[in-house]
Amino acid sequence: LIYIKDLTYNISCQMRLFADDSSLFTCVKGIEATHEKLVKDLETINVWAHQWKMTFNPDISKQAIEVIFSVKKSKFQHPDLTLNGIPVARVDHTNHLGVYLDSNLNFSKHVKESILKAMKGISLLKYMSKYVSRKVLDLCYKLYVRPHLDYGDILFHNQRADLMQLIERVQYKAALLVSGCWQGTSRERLYDELGWESLIDRRWARRLITLYKIKNKLAPSYLFDHIPKQKEINYTLRDKTMRKPFCRTERFSNSFFPYSISNWNTLDDSIKLLPSLASFKKHLNTFIRPIGNSCYDIRDYFGIIILTKIRVEFSDLREHRYNHNFNCENPTCSCELEDESSVHYFLCCPRYVKQRKHLLSKISDIMGSDVAILPQDHLTHILMYGSNVFNAVTNKLIIEQTLIFIKKSGRFVKLEAFS
């Protein structure tokens with residue numbers, strides 16, 4: 001790094017160095033003038049390399065590459081460039097620090113590559129789901145899959161709706177594997193169950209977190225210069241609002257600074273002036289991240305999967321399948337008394353009288369009162385989730401008894417959905 005520090009001297013275009021890579025770039029005001037400027041800079045680099053006994057892109061197998069970024073439908077023809085007598089290859093995209101920058105600046109290449117990497121992790125989750133708990137699968141997703149979807153997200157967020165949907169589908173597939181639920185389960189219910197925020201909300205928060213870091217000088221100083229300065233003389237780092245730059249196109253308004261500043265100005269002043277990055281992150285997470293429902297480290301993986309399906313209202317129970325149009329023409333229970341809902345299954349169906357009597361007796365002992373007097377909806381909620389009134393130990397005992405009931409009832413041994 002010390003050896004090549006003066007490489008950028010006498011260069012008229014902008015230049016960035018990283019390890020053994022260097023990027024030369026400029027805005028095209030006029031094709032001929034820009035070409036002459038690039039040719040001159042490349043020759044300056046070539047002279048520097050000869051002087052200090054170094055070689056850039058020594059042969060045709062290691063060509064320098066050129067990308068012309070433009071969103072225009074009809075693009076102009078630019079003259080070719082050479083470096084050290086070797087043609088500079090013109091390509092449609094380049095990988096810069098792990099981010100694919102394509103010539104149309106729509107990040108489609110980057111998003112698709114990120115999805116390919118993430119899907120390898122999804123395949124691993126699918127294999128692991130047969131052997132490990134939901135907690136382990138959840139952790140593996142957040143450690144080894146989601147980072148691929150997060151990388152560069154503050155750049156490509158909200159640029160193309162179709163690409164954003166593709167990314168969200170990957171997380172939805174992961175949520176199905178982690179929870180054991182069926183395809184078609186409500187995404188919102190699934191995320192609420194797992195305590196996951198949607199990726200669009202996550203990108204929104206990550207942009208604002210990055211802006212907080214820039215605004216409070218916790219990021220490289222050159223980024224701060226891109227924040228439009230207020231017209232008032234007394235502009236300070238602690239100003240509550242920031243002036244949004246003028247946006248002529250929707251594409252620019254969705255780029256980092258315009259989008260982040262617009263959303264920053266909608267935040268409450270008490271959040272904008274939080275003293276630390278950790279507290280700012282915590283407050284944003286309360287907006288976007290559901291609490292999630294606990295399994296209390298119960299090791300009955302099969303039982304937890306069934307209970308989770310009942311929680312998200314897409315299990316083998318007939319009412320759930322009927323509502324999802326999943327191999328069920330009538331929601332009425334086989335006992336023919338009423339629809340086979342969660343409440344009916346746990347508290348009303350005459351087919352499970354013996355198992356239910358044992359369940360309610362055990363739950364009453366755990367809670368220290370007769371639960372039979374509770375409203376059915378409330379009691380069903382306690383059986384499925386536990387209660388905020390009790391500690392984790394008590395709730396674990398409640399859920400364990402619910403799983404025993406599910407197992408002894410035999411309702412889910414042979415699934416009607418696939419018969």
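# Reading helices, contacts and cysteines

Biologist: Which residue follows α13, and what is its phi?

Modeller: Glu 313 comes after α13, with a positive phi near 60 degrees. Bear in mind that the model is predicted.

Biologist: Which other residues have a positive phi without being glycine?

Modeller: Lys 53 is one of them, at about 60 degrees. Asn 327 is another, with phi near 55 degrees.

Biologist: Where are Lys 53 and Asn 327 found?

Modeller: Both are in loops. Lys 53 is in the loop between α1 (31-51) and β3 (65-66). Asn 327 belongs to the loop between α14 (318-323) and α15.

Biologist: Are these two buried, exposed or partly exposed?

Modeller: Compare each relative accessible area with the cut-offs: exposed is over 50%, and buried is under 20%. Lys 53 has 73%, so it is exposed. Asn 327 has 44%, so it counts as partly exposed.

Biologist: Back to α13. How do I read burial along a helix?

Modeller: Start with the geometry. An α-helix has 3.6 residues a turn, so residues three or four places apart point the same way. Now the case. Helix α13 spans residues 301-311, and eight of its eleven residues are buried. They are Gly 303, Ile 304, Ile 306, Leu 307, Thr 308, Lys 309, Ile 310 and Arg 311.

Biologist: What does Tyr 301 touch, beyond its neighbours within four places in sequence?

Modeller: Tyr 131, Val 132 and Ser 133. Tyr 301 and Tyr 131 are 170 residues apart along the chain. Their C-alpha atoms are separated by 8.7 Å.

Biologist: Next, the largest nonpolar core. Which of its members touch the most others?

Modeller: This core has 31 residues. Ile 310, Tyr 345, Phe 346 and Ile 406 touch the most other members. The elements giving two or more residues to the core are α13, α15 (342-348), α16 (353-367), α17 (376-385) and α18 (392-409). Apart from this core lies another, of 30 residues, including Val 111, Leu 125, Met 128 and Tyr 141.

Biologist: What does Phe 346 touch?

Modeller: Skip residues up to four places away in sequence. Phe 346 then touches Ile 310, Arg 356, Thr 380, Leu 383, Met 384, Thr 402, Phe 405 and Ile 406.

Biologist: Thr 380 is on that list. Where is Thr 380 found?

Modeller: In helix α17. Its relative accessible area is 2%, so Thr 380 is buried. With neighbours within four places left aside, Thr 380 is in contact with Ser 342, Val 343, Phe 346 and Leu 347. Thr 380 and Ile 305 are 75 residues apart in sequence. Their C-alpha atoms are 17 Å apart.

Biologist: How do I read helix packing? At what angle do α17 and α18 pack?

Modeller: Take the angle and the axis distance together. For α17 and α18 the angle is about 95 degrees, and the axes are 7 Å apart. That angle is why α17 counts as roughly perpendicular to α18. From α17 come Ile 382, Leu 383, Met 384 and Tyr 385; from α18 come Ile 398, Ile 399 and Thr 402. By class, this contact of α17 with α18 has six nonpolar residues, one polar and no charged.

Biologist: And how do the axes of α16 and α18 cross?

Modeller: At roughly 175 degrees, coming within 10 Å. So α16 is roughly antiparallel to α18. Among the residues in contact are Leu 359, Ile 363 and Ile 366 of α16, with Leu 397, Ile 398 and Phe 405 of α18. The contact of α16 with α18 divides into seven nonpolar, six polar and three charged residues.

Biologist: Last topic, the cysteines. How many disulfides are there?

Modeller: A disulfide is a covalent bond between the sulfur atoms of two cysteines. Here the count is zero.

Biologist: Is Cys 333 buried or exposed?

Modeller: Buried, with a relative accessible area of 2%.

Key: Residues numbered from 1 in each chain as written. Predicted model: local features only at pLDDT ≥ 70, side-chain atom pairs only at ≥ 80, totals over all residues. Heavy atoms only, no water. Buried < 20%, exposed > 50% of the residue type's maximum accessible area, 1.4 Å probe, protein only. Helix = DSSP H or I, 4+ residues; strand = E, 2+ residues; numbered from the N terminus. Core = buried A, V, L, I, M, F, W, Y, C linked by side-chain atoms within 4.5 Å. Contact = heavy atoms within 4.5 Å. Axes fitted to C-alpha atoms, helices over the stretch in contact; angles between N-to-C directions. Parallel < 35°, antiparallel > 145°, perpendicular 65-115°, else oblique. Nonpolar A, V, L, I, M, F, W, Y, C, P; charged D, E, K, R; others polar. Disulfide = S-S within 2.5 Å.
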